[in-house]
Amino acid sequence: MTEFIAKRVADLPWDWLEMTHMTDYNDSHALLSGENLIYVITVPLSTSIILANLVIILGISWNRQLHNTPNYFFLSLLVADMCTGVALPFIPLMGLNRELSFSSCLVAHVFPNFLFLAFLFNLVMVHYERYICIADPLHYSNLWMHRSFPLALLAVWSPALLYASLPAFGWNNWTGPDWNDCCESNHRTLSNCSANGTACCSYRRVFPNAFIYLEVYGLVLPAILTIAAMTGRVLWITRGQLKNICRLHRSVERGSQASDREQRLNLRYTRCVVAVSLTFLACWVPYIIYMHVCIAFLISDTKWSSTTHIVLSCTGIGSMAVVPLVLGLANRQYTEPACKLIQKLRDRWRRRTEAPEEATL
């Protein structure tokens, strides 16, 4: 049998063999260049997200006055965001075709998807808790989330884990028609794709189209719209309360013109609206664009540039992961321990630099 295979290989034209080797080299070189581009974009962003989350987590942990249920929900969000930062370099890799075993391919796709969904559900929970605090303050203390905090956390993390694990329970295309498409995209035969116990691993083989549509339009997009609706409602309520304050202030002072205090309040509200709008445009719009572009190419079943996919996925998911950092860094109570630590280090550095100067004098 070995001699027969050797004769068959010897009878092949050398041009065909050289072309095959060059094709494999080009595919592997393209895969490596795509992975390098992903790491160049995501590693600095991932490191920044992880460090910023650690600073806020330590700030909440050190301040005992912040040990309450609302901040516990925010801690859960920060943990989910930090995990998303860890998984950030692996999420764009889903768009590349790699040779992995069945179990490794499932882990490489299911685990980052679980962390992403857990982050999104935690973000909705935090916005809902703060929305109730402003929209219905009388019933805020009796909210079910405060009475049963572990149950609320379970309601946030469990659905994300269950839905993300559906491909591991059989809802996948591992033996479907995408096997041939994946191998053809890599210019390999079926025997080469399954060599050494590995197979062509792609998101098309792990996530069926129905799974992707359900996650995007049944979970992700409604969550983003819910967050936007609650944020807009909070700004509207704040605007109404600001008008009432200004009206009472004018009635007390018996003046028809706006005072300096009213102008400062209006200016602060305007800054708040601008900050919220810019945060939504900078953090959510890139991800929404990336999500719909992926769906459009999935429906049309056309191949697109891997560089475009990498850039869109890295910027979209990375910008969305910045949302909890904006909420955390805007609160001075969360960043106060870090600011005090930095101030102490500066004072020590000044003392050390000033001591030699005084000695020389």
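What you see is a predicted model. I shall begin with how the helices α3 and α4 cross, and that crossing is left-handed. Helix α3 covers residues 69-87 and helix α4 covers residues 102-135; the two pack at an angle of about 155 degrees, and their axes are 9 Å apart. Because angles over 145 degrees count as roughly antiparallel, α3 is roughly antiparallel to α4.

Which residues of α3 and α4 meet? On the α3 side they are P70, F73, F74, S76, L77, A80, D81, C83, T84 and A87, and on the α4 side P112, L115, A118, F119, N122, L123, M125, V126, E129 and R130. By class, this contact of α3 with α4 consists of 14 nonpolar, three polar and three charged residues.

Let me move to the next pair, α4 and α6. Here the angle is about 150 degrees, with the axes 8 Å apart. That makes α4 roughly antiparallel to α6. Is the crossing of α4 and α6 left-handed or right-handed? It is right-handed. From α4, the residues V110, N113, F114, L117, A118, F121, N122 and M125 take part, and they meet A152, V156, W157, P159, A160, L161, Y163 and A164 of α6. The contact of α4 with α6 has 14 nonpolar and two polar residues, and no charged ones.

The remaining pair to discuss is α3 and α6. These helices pack at an angle of about 25 degrees, and their axes are 11 Å apart. Thus α3 runs roughly parallel to α6. Their crossing is right-handed. In α3, T69, Y72, F73, S76 and A80 meet F149, A152, L153 and W157 in α6. Seven nonpolar and two polar residues make up the contact of α3 with α6, with no charged residue.

I turn now to aromatic rings. How many aromatic pairs does the structure hold? There are ten. One of them is formed by Y72 and F149: the pair is tilted, at 5.7 Å centre to centre and with 50 degrees between the planes. Since Y72 lies in helix α3 and F149 in helix α6, which spans residues 149-164, the pair ties together parts that are 77 residues apart in sequence.

Finally, a word on confidence. The protein has an average pLDDT of 78, and 78% of the residues score at least 70. Over residues 1-10 the pLDDT is below 50, and this stretch has one contact in the model beyond near neighbours in sequence. The pLDDT is also below 50 over residues 12-30, a stretch with seven contacts beyond near neighbours in sequence. Where pLDDT is low, the predicted coordinates should not be read in detail.

Methods: Residues numbered from 1 in each chain as written. Predicted model: local features only at pLDDT ≥ 70, side-chain atom pairs only at ≥ 80, totals over all residues. Heavy atoms only, no water. pLDDT = per-residue confidence, 0-100. Contact = heavy atoms within 4.5 Å. Axes fitted to C-alpha atoms, helices over the stretch in contact; angles between N-to-C directions. Helix = DSSP H or I, 4+ residues; strand = E, 2+ residues; numbered from the N terminus. Parallel < 35°, antiparallel > 145°, perpendicular 65-115°, else oblique. Left-handed = near helix turned anticlockwise from the far one by under 90°. Nonpolar A, V, L, I, M, F, W, Y, C, P; charged D, E, K, R; others polar. Phe/Tyr/Trp six-rings, centres within 6.5 Å; stacked < 30°, edge-to-face > 60°.
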